[in-house]
Amino acid sequence: MRSGWLDARLPLPEARRTLRGWRRTRPFWAGLFLLLGGVELLVVPLSPLTILVSLGLGGIAAIGIGLALAVAGLFLWFLPHTRHYVSINALILSVLSFAATNLGGFLIGMALGIAGSAMGFAWTPREEAGPRVAGVRTQRTLAAALPVALLVTLGGRPAEQPSEPRGITAPAVPPTVTTTRFSPHGFLLAGVTTVPTARGPLKAMVLRMTSASLTDYRLHTRDGHDELALGARSLDLNGRVTLYLTKFSGCLEGLLCVTFDPDTLPVPPIVPPFVFMTDVTAEQALVTSDSITANGLTLGAS
């Protein structure tokens with residue numbers, strides 16, 4: 001009753017009703033927390049020039065992370081379907097801000113970023129019947145510009161459309177690969193393509209990198225025939241490394257565990273800002289590299 005009385009006396013009832021309907025169809029508060037966290041991280045570096053010079057690299061990092069968190073908040077508002085991927089990256093940046101900037105904006109910006117990331121990742125859309133929100137064309141224009149802004153902010157680059165590997169046939173049933181630590185360099189989540197097999201094309205994710213180091217590497221075939229097991233204490237891939245995977249799971253920075261497959265691959269394809277992954281399990285259709293170096297190689301059969 002009280003809410004209805006107040007609502008009747010506030011100005012612009014139609015605009016407030018439209019805004020309320022728009023807000024309920026996306027993780028609005030999560031995006032707001034990320035925006036506030038990004039702005040808070042920017043407050044000190046955007047102080048007078050003398051303060052910025054005294055901060056050095058910490059001030060530059062605060063500007064980059066602050067802008068990235070602010071853009072991530074806009075992503076949650078205008079592209080809510082990318083909330084999982086955006087929230088994961090925003091969480092990593094928020095945690096890194098503690099060491100890379102002024103203690104994560106004196107803990108305030110970091111806390112806002114972590115809270116917004118958790119809320120955005122946990123948000124579930126609810127289908128609501130009703131009139132379409134006004135300004136759809138404006139939202140589409142902003143949504144088209146946001147990926148470019150995030151790519152510039154994070155230093156990423158759009159990936160070219162992955163092509164199907166030629167002259168190579170992958171096993172019909174991809175072997176399972178496990179590693180306790182996966183450390184890529186120049187990592188790029190390039191997209192989805194098809195890999196030729198004896199039983200027809202197989203849909204796979206494409207991961208590209210300049211090099212990668214895998215610790216406690218294990219590969220097991222699972223095609224129903226004599227199973228083979230390949231192991232190594234460490235495996236180093238160097239030069240134009242491309243992985244074709246039908247499933248990929250692991251823990252980013254050893255903290256946040258995620259699972260991807262070709263049907264749930266996050267967009268847009270950019271360079272993720274993580275350094276390593278732990279407890280990785282993947283279904284590897286194919287791997288290409290200029291050179292592969294194995295330390296402590298073992299081979300078994302059953």
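**View 1. Helices α3 and α8 are roughly antiparallel to each other.** In this predicted model, local features need pLDDT of at least 70 and side-chain atom pairs count only at pLDDT 80 or more, while totals for chains, interfaces and linings use all residues. Residue numbers start from 1 along each chain as its sequence is written, and side-chain values use heavy atoms, leaving out hydrogens and water. Helix α3 (residues 28-43) packs against α8 at about 160 degrees, the axes being 8 Å apart. Axes here are lines fitted to C-alpha atoms, for helices over the stretch in contact, with angles from 0 to 180 degrees between N-to-C directions. Under 35 degrees counts as roughly parallel, over 145 as roughly antiparallel, 65 to 115 as roughly perpendicular, and the rest as oblique. The crossing of α3 past α8 is left-handed, meaning that the near helix is turned anticlockwise from the far one by less than a right angle (clockwise would be right-handed). On the α3 side, the contact involves W29, A30, F33, L34, L36, G37, E40 and L41; α8 brings residues including I108, L112, A115 and M119. Contact means heavy atoms within 4.5 Å.

**View 2. Helix α8 also meets α6.** The axes of α6 and α8 (residues 108-122) come within 8 Å and cross at roughly 160 degrees, so this pair too is roughly antiparallel. Here again the crossing is left-handed. Look for I88, L91, V95 and F98 among the α6 residues in the contact, and for M110, I114 and F121 among those of α8.

**View 3. The largest nonpolar core has 26 residues.** Inside this core, F182, L207, M209, L243 and F248 have the most contacts. Two or more residues each come from α6 (83-100), β1 (176-185), β3 (202-220), β4 (228-252), β5 (256-260) and β6 (277-288). The top contributor is β4, with eight residues. If you centre the view on F248, you will find contacts with F182, M205, L207, V258, T259, F260, M277, V280, T281 and A282, leaving aside neighbours within four places in sequence. A second, separate core of 14 residues includes A30, A72, F75 and L76. A nonpolar core is a set of buried Ala, Val, Leu, Ile, Met, Phe, Trp, Tyr and Cys residues joined through side-chain atoms within 4.5 Å. Buried means under 20% relative accessible area, exposed over 50%, and partly exposed in between (1.4 Å probe, protein chains only).

**View 4. Q284 sits in strand β6.** With a relative accessibility of 13%, Q284 counts as buried. Its C-alpha atom is 6.3 Å from that of T176, a residue 108 positions away along the chain. Beyond residues up to four places away in sequence, Q284 touches P174, P175, V177, Y217, L219, Y244 and L245.

**View 5. T242 belongs to strand β4.** T242 counts as buried because its relative accessibility is 11%. Setting aside residues up to four places away in sequence, T242 touches V206, L207, R208, L286, V287 and T288.

**View 6. For orientation, the chain has nine helices and eight strands.** Helices (H or I, at least four residues) and strands (E, at least two) are DSSP runs numbered from the N terminus. Of the 302 residues in the chain, 40% are buried. Among contacts with a separation of 6 or more, 77% join residues 24 or more positions apart.
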